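Me: I would like to learn how to read this structure. Please take the features in turn, with the general idea ahead of each case.

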Amino acid sequence: MHNGRLSIDPAFTVAPVNRRVFGSFVEHMGRCVYGGIYEPGHPTSDDDGFRGDVLDLVRELGVTAVRYPGGNFVSGYRWEDGVGPVEDRPTRLDPAWRTIETNEFGLNEFMAWAAKADIEPIMAMNLGTRGMQEAIDLLEYANHPQGTALSDARIEHGAKEPHGIRMWCLGNEMDGPWQLGHKTAEEYGRLAAETARAMRQFDAGLELVACGSSGRQMPTFGAWEATVLEHTYDVVDLVSAHAYYELEGDDRASFLASSVDMDRFIREVVATADHVGARLSSSKRINISFDEWNVWYLKDLQASGMPDDWTTAPRLSEDAYTALDAVVVGSLLITLLRHADRVTAACQAQLVNTISPIRAEPGGPAWRQSIFHPFALMARHARGTVLDLRVDGPTLATARYGDVPTLDSVATYDAEDGRLAVFVVNRDPDAPVEVSTDLRTFGDVSLVEATLLGGEDLAAANTQEDPDRVAPRAHTGASVEGAALRLTLPPASWTMVLLQVARA
Ligand code: AHR
């Protein structure tokens with residue numbers, strides 16, 4: 001049996017839990033919109049055509065913010081196509097996903113859905129095939145109260161109140177050769193800077209995100225961020241990062257260590273951003289919007305290729321997630337939260353059907369995929385302040401990332417109600433780890449709940465027929481003795497422990 005130790009002290013903190021870290025992503029890709037959040041005629045749909053069963057699951061998931069409408073889709077999108085009377089909206093080809101886009105669902109529908117889901121919108125704009133003018137037109141249409149052609153058009157389209165969208169992404173993955181309108185860092189940096197400056201002339205208080213790298217493995221990674229931020233440092237608030245991971249062959253150790261790569265990615269982007277800040281003698285700090293992350297079986301999509309025929313809302317990347325995938329998603333969330341001082345927004349990609357925690361069948365049921373659970377548990381229980389804990393433990397040899405720590409963990413403490421939440425992953429696919437935690441600095445502590453994901457049946461997945469096959473279960477290997485929390489972590493498992501601190 002391996003041994004590990006967590007050192008947790010309420011005096012050592014990282015940053016408050018930023019609720020935006022529990023964001024998600026709705027793209028016009030596959031059946032995320034059509035047949036996902038939107039399906040007029042479905043037995044649970046409301047008058048707007050929004051699926052009620054999906055909305056219920058979105059609320060249960062605890063999603064706080066949703067990025068929309070893409071993704072690769074946005075780089076060829078004309079936002080004007082998706083507003084106004086539905087019968088007048090043009091049908092277009094979307095080359096990103098080889099799909100026919102009917103434009104039945106657009107900005108105002110998304111904002112109505114966002115209000116019902118009680119989420120903050122994060123709006124991405126097209127800097128691929130379009131530019132500054134369309135961006136400021138969209139901003140005026142969406143956010144200006146009234147009395148101009150664009151704002152009055154919105155009112156005429158049924159959205160009387162301005163949408164008040166605060167957070168905007170200046171394009172999507174512009175470093176990627178697959179992106180419509182792909183640019184060099186110089187070209188994109190200039191365009192992003194001039195667009196951001198123009199947007200700020202309308203509203204200085206917007207939060208703007210420059211495109212960072214679409215993956216740490218990109219050949220331009222690092223140099224891209226440096227050049228883009230040299231152009232945009234004063235006019236943006238965040239730089240984006242995207243990362244997807246998948247099990248390759250049967251290399252479970254490397255897959256379970258995916259969050260090591262995400263951790264390095266975050267540290268490297270922070271270092272690059274701070275380096276640019278230093279060169280510009282700026283006291284401003286650029287934070288990270290990790291606005292696409294997940295487990296994604298992209299190689300399956302690449303192997304099957306894009307659909308031959310142009311159709312509306314084809315099934316794309318409807319990955320059926322396993323218990324192992326849920327452990328990896330849980331560990332990616334631990335990493336995002338551990339960096340709460342610099343990762344101030346994050347979006348799991350995507351929300352429904354496509355690469356998603358929620359699945360929905362046309363006219364049929366919706367259900368929780370395995371990866372739904374760690375997200376929902378953390379969104380619900382990670383409260384208050386992220387603590388700067390220390391993790392000591394064994395090392396795991398991996399083919400992809402070398403020797404990595406077997407354990408990773410994050411803890412949050414809500415001083416208001418004395419609730420301490422500890423999240424820990426055992427990345428070792430074969431060996432359990434015995435973990436001790438000295439909680440003396442908290443005073444009297446009692447165990448409220450211990451929950452486990454993974455550890456066994458790692459290939460199991462939820463299906464329409466068996467939607468609860470993979471679900472969190474009571475952790476029998478957790479106990480508090482005196483001031484010590486003891487945990488026996490099964491191989492390849494994710495654990496949540498809730499503790500109550502007695503306050504004087
Ligand atoms: O989320 C799926 C796709 O992944 C997005 O459209 C794109 O931004 C990324 O490459």
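The dialogue below goes through domains, sheets, helices and salt bridges.

Me: What should I know about the model and its numbering?
Reply: This is a predicted model, in which local features need pLDDT of at least 70, side-chain atom pairs count only at pLDDT 80 or more, and totals for chains, interfaces and linings use all residues. Residues are numbered from 1 along each chain as its sequence is written, and side-chain values use heavy atoms, with hydrogens and water left out.

Me: Into which domains is the chain divided?
Reply: Domain bounds come from an automatic or database domain assignment. Here domain 1 covers 2-10 + 386-501, and domain 2 covers 18-381. Their centres, taken over C-alpha atoms, are 30 Å apart.

Me: How many residues does each domain bring to the contact?
Reply: Contact means heavy atoms within 4.5 Å. Domain 1 gives 40 residues and domain 2 gives 39 residues.

Me: What is the area buried between domain 1 and domain 2?
Reply: Buried area is the accessible area (1.4 Å probe) that two parts lose on being put together, summed over both. Between these domains it is about 3200 Å², with carbon and sulfur atoms giving 67%. On the side of domain 1, R400, Y401 and W494 supply 21% of the area buried against domain 2, more than any other three residues.

Me: Which strands form the open sheet, and in what order?
Reply: Strands (E, at least two residues) and helices (H or I, at least four) are DSSP runs, numbered from the N terminus. Two strands pair if DSSP finds at least two bridges between them. Seven strands form the open sheet in the order β2-β15-β19-β20-β26-β22-β23, with antiparallel pairing. β2 (13-16) and β23 (473-474) stand at the edges with a single partner strand each, so one side of each has no neighbour in the sheet. Three bridges join β2 to β15 (residues 385-387), and P16 stands opposite T385 in β15.

Me: Where does helix α10 pack?
Reply: Angles are taken between N-to-C directions and run from 0 to 180 degrees; the axes are lines fitted to C-alpha atoms, for helices over the stretch in contact. Helix α10 (residues 323-338) packs on the sheet, touching β2, β15, β19, β20, β22 and β26, and its direction makes about 55° with that of β19. Helix α11 (residues 372-381) lies across β19, β20, β22 and β26, at about 20° to β26.

Me: In what order do the strands of the barrel run?
Reply: Eight strands close into the barrel in the order β3-β4-β7-β8-β9-β10-β11-β12, with parallel pairing. Neighbouring strands of this sheet are turned by 30° against each other on average, direction ignored. One of the pairs is β9 (residues 207-210) with β10 (residues 238-245), joined by two bridges; A210 stands opposite V239 there.

Me: How many salt bridges does the rule count?
Reply: Side chains of opposite charge can pair when their charged atoms come close. A salt bridge needs a side-chain nitrogen of Lys or Arg within 4 Å of a carboxyl oxygen of Asp or Glu. The count is 38. Among them is R130 with E80, whose closest N and O atoms are 2.8 Å apart. R130 lies in the loop between β7 and α3 and E80 in the loop between β4 and β5, so the pair ties together parts 50 residues apart in sequence.

Me: What is the count of salt bridges between domain 1 and domain 2?
Reply: The count there is one.
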